[in-house]
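Subject: Structure for your review

Dear colleague,

Please find the structure below, together with its sequence. My notes on what was found in it follow.

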Amino acid sequence: MTSTPVTSTPGTNTSADLVILGGGSGGYACALRAAQLGLSVILVEKDKLGGTCLHRGCIPTKALLQAAEVADAARDGHQFGVKAALEGIDMGGVNKYKDGVVAKMFKGLQGLVSSRGINYVEGTGRFVAPNAVDVDGQRYLGRSIVLATGSYAKSLPDLEIGGRFITSDQALNLDYLPDRVVVLGGGVIGVEFASVWRSFGAEVTVVEALPRLLPAEDDFCSKQLERAFRRRGITFRTGVRFTGANQSNSGVTVNLASGEQFEADLLLVAVGRGPNTADAGYAEAGVRMERGFVLTDDRLRTNLPGVYALGDIVPGLQLAHRGFAQGIFLAEDIAGRNPTPIDEDGIPRVTYCEPQVASVGLTEVQAKDRHGEIETITYDLAGNGRSQILQTRGAIKLVRAKNGPVLGIHLVGDRVGELVGEAQLIVNWEAYPEDVAALVHAHPTQNEALGEAHLALAGKPLHAHS
Ligand SMILES: Cc1cc2nc3c(=O)[nH]c(=O)nc-3n(C[C@H](O)[C@H](O)[C@H](O)COP(=O)(O)OP(=O)(O)OC[C@H]3O[C@@H](n4cnc5c(N)ncnc54)[C@H](O)[C@@H]3O)c2cc1C
């Protein structure tokens, strides 16, 4: 797939109300909203409009996870009385489906940017002054500048990516299915790929230095996920340091501080993402940074007047919808609409492995730290009709301030990512369990499990033991 420029005419429109450096989720969302508000916009992108999320992140991984779900359904058809068999995985076919989804969305996005009259400039930009970005010798001036250059897959010292040592970038484009994989890193990206490969039939081992998988989530989610991964035959080692790996023509050997050694076809390095800020001129122009991240206040202002930053280069959750929201916020702020700053605690998080993990708000530990006395309840999906129909296990955990609003919702089970919409309304509108308990939830849906969890927390459990 080649990237076609949307509207770039070198030498024209070289000044605008707003120049945005980076056309990923955050950058293009900012451009679209700013144009809608009547600002003139120059959007500079060196690769493909849509950035990591569309081309190397959210969309292609979720397409792989969808293919994985289909593979599981074929394999498990007998559980539902359906005679089906999983004959195998055709990676060519999987990639065609995945690339088709990306291509369609890419085309739609290009059309959208073009239709809003945004001056799209293809090329590598360099931030040279608080009102200027240079691209291939051409200077673009903006009354405001938004830095939105995103992130890259990190590795560890002495672990050079290449050959059988891969990151998510290469993992998304494998044209074969490995028999055995070691995944280094039990965070979101690591467990999502572990889940895909296991569904496709590979032997998978996840290695995580911290004591549990998904260490940023509530402990409850990690426990539920680990139990499910054990049932699925996914091996994992937590609380153990990786000490090194070797590769040869035939495979990789991965060593752990425990003395254990794992052999595999591939090592996926999923140890986090670093900010793309080293080569864009930020430090030279005096932008205040820490460990490569651009520092901003809660209105996303950097230390330089008229210069803002958003998305993965700003410390916080590295999520596409955070980037979208920040982009919209900044466009409105720059247009003088005085929007309310984004509450980072209210941003929902979903890990799309099987089973899914979704959450919003505070973990139990954070809630205790900030609110002192709290109450929690766990509702088992065993009591939820739709979950039984889906044959999924899992649970919902609610955290509330003592006699106060719901502070955090944590969900584990098939398809619970789709429940996070209701969960975020509850948390962000600071609802009390009694408010939610009074709302009638449709039967049999998984949303009903959220309703029942709140009934239980309000002291009147229905399909749950008190
Ligand atoms: C495997 C994977 C799965 C993910 N899954 C999810 C998910 O399910 N849900 C979710 O919310 N998030 C997910 N993410 C995270 C999400 O992709 C990022 O948070 C999001 O893309 C960040 O947006 P951004 O605009 O900050 O940066 P990016 O999307 O990285 O965009 C930055 C853009 O800037 C361009 N650029 C960089 N330097 C320059 C320069 N000097 N000149 C011009 N252009 C430049 C880059 O080419 C890029 O297009 C996933 C990420 C990965 C890697």
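The ligand is surrounded by 36 residues, the closest being Gly22, Gly24, Gly51, Gly150 and Gly311; a residue is taken as near a molecule if its C-beta atom, placed from the backbone, lies within 6 Å of it. Two or more residues of this shell are given by each of α1, β2, α2 (51-56), α3 (58-75) and α8 (320-334). The largest share, four residues, comes from α2. By type, the shell divides into nine nonpolar, 21 polar and six charged residues. Here Ala, Val, Leu, Ile, Met, Phe, Trp, Tyr, Cys and Pro count as nonpolar, Asp, Glu, Lys and Arg as charged, and the others, Gly among them, as polar.

Please note that this is a predicted model, in which local features need pLDDT of at least 70 and side-chain atom pairs count only at pLDDT 80 or more, while totals for chains, interfaces and linings use all residues. Residues are numbered from 1 along each chain as its sequence is written.

The domain assignment, which is automatic or from a database, gives domain 1 (13-152 + 275-344), domain 2 (165-271) and domain 3 (355-457). The centres of domain 1 and domain 3, taken over C-alpha atoms, are separated by 30 Å.

Strand β2 (residues 41-45) has five of its five residues buried. Helices (H or I, at least four residues) and strands (E, at least two) are DSSP runs, numbered from the N terminus. Buried means that 20 or more other C-beta atoms lie within 10 Å of the residue's own, against 12 or fewer for exposed and partly exposed in between, with C-beta atoms placed from the backbone. From β2, Val41, Leu43 and Glu45 point one way, and Ile42 and Val44 the other way.

Strand β1 (residues 15-21) runs parallel to β2 and is joined to it by four bridges; strands pair if DSSP finds at least two bridges between them. Four bridges also join β2 to strand β3 (residues 119-122), again in parallel. Leu43 is the bridge partner of Ile20, and the partner of Leu43 in β3 is Tyr120.

Strand β21 (residues 356-361) is likewise mostly covered, with six of its six residues buried. Three bridges join strand β20 (residues 349-351) to β21, and the two run antiparallel. They form a hairpin with four residues between them, and Arg349 has Ser359 as its bridge partner. Six bridges join β21 to strand β24 (residues 406-413), also antiparallel, where Ile409 is the bridge partner of Val360.

With kind regards
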